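Open the model in a viewer and have residue selection ready. The stops below give a selection each time, followed by what is found there.

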Amino acid sequence: MKYKNANAVLPEELVRELQEYIQGGYLYVPVERSRQKRWGEVSGYRKELQQRNNKIKKEYRSGSAIEVLADRYGLSVYAIRKILYQR
């Protein structure tokens with residue numbers, strides 16, 4: 001997250017109003033709920049995990065054992081089972 005100077009992005013009147021509440025500190029302005037992205041969507045990591053999980057499922061259906069998949073992907077047997085049995 002990049003910090004921006006309020007003077008550079010807000011009208012002068014609004015900056016003065018904000019200074020009534022906070023001066024010289026940081027203020028977080030949250031994203032509107034309708035514009036929020038889910039975890040991993042911005043970085044693309046969510047998509048990467050989905051692709052990995054699909055690959056694990058495909059290899060399992062092709063006959064790979066859960067223990068072998070756990071070793072291959074550096075995951076626990078429990079994590080592999082969760083991936084395989086999720087809807």
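**Helix 4 against helix 5**

Begin by selecting Ile66, Glu67, Leu69 and Ala70 in helix 4, which are in contact with Val77, Ile80, Arg81, Leu84 and Tyr85 in helix 5. By class, this contact comprises seven nonpolar residues, two charged residues and no polar ones. Bear in mind throughout that the model is predicted.

Now show the two helices whole, residues 66–73 for helix 4 and residues 77–85 for helix 5. Their axes come within 9 Å and cross at roughly 110 degrees. Angles of 65 to 115 degrees count as roughly perpendicular, and helix 4 and helix 5 are therefore roughly perpendicular to each other.

**The buried side of helix 4**

Stay on helix 4 and keep Ile66, Leu69 and Ala70, its buried residues. They cover an arc of only 100 degrees around the axis, which puts them on the same side of helix 4. What do the buried residues of helix 4 pack against? They pack against helix 3 and helix 5.

Then step past the end of helix 4 to Gly74, which follows the helix and has a positive phi, near 65 degrees.

**Helix 3 against helix 5**

Select Arg52, Asn53, Ile56, Lys57 and Tyr60 of helix 3, together with Ile80, Ile83, Leu84 and Tyr85 of helix 5; these residues make the contact between the two helices. Six of the residues in this contact are nonpolar, one is polar and two are charged. The axes of helix 3 and helix 5 come within 9 Å and cross at roughly 90 degrees. Helix 3 and helix 5 are therefore roughly perpendicular to each other.

Zoom in on Asn53, in helix 3. Is Asn53 buried or exposed? Asn53 has a relative accessible area of 9%; the cut-off for buried is under 20%, so Asn53 is buried. Apart from neighbours within four places in sequence, Asn53 is in contact with Ile83 and Gln86.

**The aromatic pair**

For the last stop, select Tyr3 and Tyr26. A search of the whole structure finds one aromatic pair. The ring centres of Tyr3 and Tyr26 are 4.6 Å apart and the ring planes are at 40 degrees, so the pair is tilted. Tyr3 lies in the segment before helix 1 (6–9), and Tyr26 in the loop between helix 2 (12–19) and helix 3 (45–61). The pair links distant parts of the chain, 23 residues apart. Show the surface here: both Tyr3 and Tyr26 are exposed.

Methods:
Residues are numbered from 1 along each chain as its sequence is written. This is a predicted model: local features need pLDDT of at least 70, side-chain atom pairs count only at pLDDT 80 or more; totals for chains, interfaces and linings use all residues. Side-chain values use heavy atoms; hydrogens and water are left out. Axes are lines fitted to C-alpha atoms, for helices over the stretch in contact, and angles run from 0 to 180 degrees between N-to-C directions. Helices (H or I, at least four residues) and strands (E, at least two) are DSSP runs, numbered from the N terminus. Angles under 35 degrees count as roughly parallel, over 145 as roughly antiparallel, 65 to 115 as roughly perpendicular and the rest as oblique. Contact means heavy atoms within 4.5 Å. Ala, Val, Leu, Ile, Met, Phe, Trp, Tyr, Cys and Pro count as nonpolar, Asp, Glu, Lys and Arg as charged, and the others, Gly among them, as polar. Rings of Phe, Tyr and Trp (its six-membered ring) pair if their centres lie within 6.5 Å; planes under 30 degrees apart count as stacked, over 60 as edge-to-face and the rest as tilted. Buried means under 20% relative accessible area, exposed over 50%, partly exposed in between (1.4 Å probe, protein chains only). The arc is that of the directions from the helix axis to the C-beta atoms.
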